Amino acid sequence: MRLRVRFSKLGKVRFTSHRDVARIWERALRRASLPVARTEGFSPRPKLHFGLALSTGYESLAEYLDVDLVEGTIVDLAVLPEALTAALPGGLAATAVATVPPGTPSLQHAVTSSRWEVEVHDLDLATVTARTEALLAAPELVTTRQRKGKDVSDDVRPHLLHLQPQAHPAEGVLLVAELGAQNRGLRPSELVALLGDGAREGRVRRTHQFTEHDGTRCEPLPAPHALERAS
Amino acid sequence: MLEPILPLVSKPARYIGGEDGAQVPEHGPGRVAWLLAYPDTYEIGLPNQGLQILYEILNERPDAVAERTYAPWTDLEERMRAEGVPLFSVDTHRPAADFDVLAFNLSAELTYTNLVGMIDLAGAPVRAADRAIDDLLVGAGGHCTYNPEPIAAFLDFVVLGDGEEVAGEISAALAGWKAARVAGDPVTRHDALTALAGVTGVYVPALYQPVTDAEGRLVATRPIDPAAPELVEKRTVADLGQWPYPRQQLVPLTEVVHDRLNVEVFRGCTRGCRFCQAGMITRPVRERPAEQVRTMVAEGLRRTGYDEVALTSLSTADFSGVEDVVGAIVRSGERPAPADEGEGQGPGSSLDCGAGLGGPGAGLASDISVSLPSLRVDAFTVGIAAEIQRARRTGLTFAPEGGTWRMRQVINKLISDDDLYGAVESAYSQGWRRMKLYFLVGLPTETDEDTLGIATLARNVVEIGRRHHKNPSVTVSVGGFVPKPFTPFQWFGQNTRQELERKVGLLRDALRRDRGVQLKWHDPRATTVEGIMSRGDRRLAAVIEDVWRHGGTFQEWSEHFDLQLWLDALERQGLTVEELAYRHRTEDEALPWDHLSAGLHKDFLWQDWRDALAEVGLEDCRWTPCYDCGACTGYGIEHVVASAVPPAGGSQGTGPSPAAVPVALGRRPVPAGAG
């Protein structure tokens, strides 16, 4: 049986890496005494499948994890999020859990885009708005990036699916963006760089991940988000 | 202040705290605030059990609070200094200056420059003599503080021995002083120091002065204040069973060394290896009751979610209850029998958050691996091998230390070649493929034959492995010997750097064409600096400060270690490696740590040194007659063991058949006082 878990990563724990979070989950599942299926062989590992990596330092309301349980396990899904959250360190919380049918495509392949909230510091709203409009109007946006140690030029315009600046309650501008995730996609830090001179990246938070299914866009788990945007 | 910098540095997760077991204590004027420090990176420092034990014990007290700090890596330190961010606690990111005490755990000499750097980063003058009443009180404990003289100038107080009881007494002593200060009474920093000197086990360097003769040689280190005792005795916790700490071992959010549940099964060691400072200074043996070990393991695994547990001590296979305990861990975790599983009540059917989602066991713990990080080959039996093998296997490490039986008699590590081969055979036959062997070079009386004996042993071990597996591999790890205070070898002149390099070269050449043997060695240049610090005196403070001022931090890290910094600093102080490290000490010479006591009689150590040179071995005193080293009688404590029966196996008087001992063991020929 495969469980799909949505979890959030907020506060100081955002400084843990993707690998750190994987280790934290392995321990949390043991603490919660969930019987996780394991690989065979000399050094068996629990069968956990993570989605797209979140950069160290970014927050998220919508991280996903698939967990294979030992055959025949019966669990009460209703209380599972709370029990898993209790087993996780502060800042990480399980917000939704459901079973997924066998053969469900992996998160790595299924997720096509993410929605982000990106704080942009050192620029005012008018400037960011003007530059955002210019980005959206551009037919192509060629960026040079490193791939396997070589500089490669990519047109990232197709990955810029949605972009909306708004006033930030505390500092600078909040950019709400939906960025493509497949085939290298577009990263929030690259988006901030595209905004041009003077733009400095502040806190970044992933709020949603989306999959495409029969032409409709949906989230990997249908359950509503437990957490709304905090401060 | 700190958080905006964190996205810019490597591995920021090591600075955020928030581990399971971490505390957010409530500070207040009635509480002595401790900042417990480890002078190396978080990855190295977090697992330190001593620091974790004190962290819990202090936070349980009404008169104390404790938080933790580790050395920031160079990239963060640079930014902290640039932006005026001081040393901070990882728990609440509180600046060091908000604490009363900055207390270091010192377990390696090469961290001394980090200690100085952290005091400076905390905002206090690095020299204790320059500190004012509002500055931190800087303390230290740990194995290195048995000779604290090289760092004495930086420390307000030093603790010898077990910390469990003394930490509370220090808190109480300082709480009174702090209360008087808060009330506006005219107390001085000196009052705090004298209060500390009144606590048994606490050494206050400022209250002592080295006395030298006309040639500048040390005669004695004497108290210059009536509050200071002539001899500072170490502290010894009599009953480990009363201190089941850490109860809440910290579970790091990011990768650290020894990332597993650690349960200390006993403290002390009576094997009497003459090179081993830990074995000497932690006497007598105090075992934790086997039942308590089982509980700590079970509770710890449940609470932390770890899948590996290490039973720690200086020689875990010597633990009386080791097979029982390992067996209990393995069996408690085994999956329920198939009959239990087939009732539609599979694991996890009862959902009870309190007891866990899968019920007890839940088919999880059979994946638990048990490691015994410190194993003596003569106590490693097929029984233990089989028990560990039932759980998940981890690597196996043995430490014969010497390459020949003669060498091992000198160092009193009385394991025969056959003991080693027997243990290795047990391990290979139970499925292990990889072995690690630890050796020392540069031991007293060592000849090239002894050094090359290491290659022979390694070769034979691989040969045994080939009987069981296709490609067995053996890693041979070689360290240069550093003579340590309070050991019989404290008088021995350390091998020169060139000599250690030559011996490593001999081994490298000898093993060049051996498939299956991998040779690793500790840098002889680093060993040389360790040797200088290990038996150094107060003149070294200037050297340490000099190296730090020239950027010499993280000297434990090979990419940062810089011998030239040390040699230059020594030269500027008019000191030589020859005098500090390479020179044999004489019997009548005063040693820099003579005013401190680890409980061992100096004449016992001298006699044992002579026995070493005569190649005479001593049996384990835990099961055989007392040699009057002083550790038990001085403290009125007997060795505390969980079982009356010695563990099976071995040549050191602990085995079932004394006839198997390859040579006659010498008894100590003359009573104490001779020599």
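Which residues in α13(B) meet which residues in α14(B)? Select both helices of chain B, α13 (residues 417-429) and α14 (residues 448-468). On the α13(B) side, the residues in contact (heavy atoms within 4.5 Å) are B:Asp417, B:Leu420, B:Tyr421, B:Val424, B:Glu425, B:Tyr428 and B:Ser429. They meet B:Thr456, B:Leu457, B:Asn460, B:Val461, B:Ile464, B:Gly465, B:Arg467 and B:His468 in α14(B). By class, this contact has 7 nonpolar, 5 polar and 3 charged residues.

The model is predicted: local features need pLDDT of at least 70 and side-chain atom pairs count only at pLDDT 80 or more, while totals for chains, interfaces and linings use all residues. Residues are numbered from 1 along each chain as its sequence is written, chains are lettered from A and ligands numbered from 1 in the order in which they are written, and side-chain values use heavy atoms, without hydrogens and water.

Stay with the helix pair. The axes (lines fitted to C-alpha atoms over the stretch in contact) are 9 Å apart, at an angle of about 30 degrees. The pair is therefore roughly parallel (angles under 35 degrees). The crossing of α13(B) past α14(B) is right-handed (the near helix is turned clockwise from the far one by less than a right angle).

Next, select A:Trp25, A:Leu84, B:Trp34, B:Phe104, B:Phe157 and B:Ile170. Of the 162 residues in the largest nonpolar core, these touch the most other members. Such a core is a set of buried Ala, Val, Leu, Ile, Met, Phe, Trp, Tyr and Cys residues joined through side-chain atoms within 4.5 Å, buried being under 20% relative accessible area with a 1.4 Å probe, protein chains only. Apart from it lies another core of 28 residues, among them B:Leu420, B:Ala427, B:Leu511 and B:Leu519. Now centre on A:Leu84: its contacts include A:Val5, A:Trp25, A:Leu29 and A:Val97.

Then turn to the backbone. Most residues other than glycine have a negative phi, and most peptide bonds are trans. The bond from B:Tyr245 to B:Pro246 is cis, with omega near -10 degrees; B:Pro246 lies in the loop between β9 (232-233) and β10 (261-264) of chain B. Another cis bond joins B:Arg283 and B:Pro284, with omega about -10 degrees.

B:His93 has a positive phi near 55 degrees and is buried, at 16% relative accessible area. B:Phe554, with phi about 50 degrees, sits in the loop between α17 (540-549) and α18 (563-572) of chain B and is buried at 2%.

Conventions: Axes are lines fitted to C-alpha atoms, for helices over the stretch in contact, and angles run from 0 to 180 degrees between N-to-C directions. Helices (H or I, at least four residues) and strands (E, at least two) are DSSP runs, numbered from the N terminus. Angles under 35 degrees count as roughly parallel, over 145 as roughly antiparallel, 65 to 115 as roughly perpendicular and the rest as oblique. Ala, Val, Leu, Ile, Met, Phe, Trp, Tyr, Cys and Pro count as nonpolar, Asp, Glu, Lys and Arg as charged, and the others, Gly among them, as polar. Buried means under 20% relative accessible area, exposed over 50%, partly exposed in between (1.4 Å probe, protein chains only). Lists of a residue's contacts leave out its neighbours within four places in sequence.
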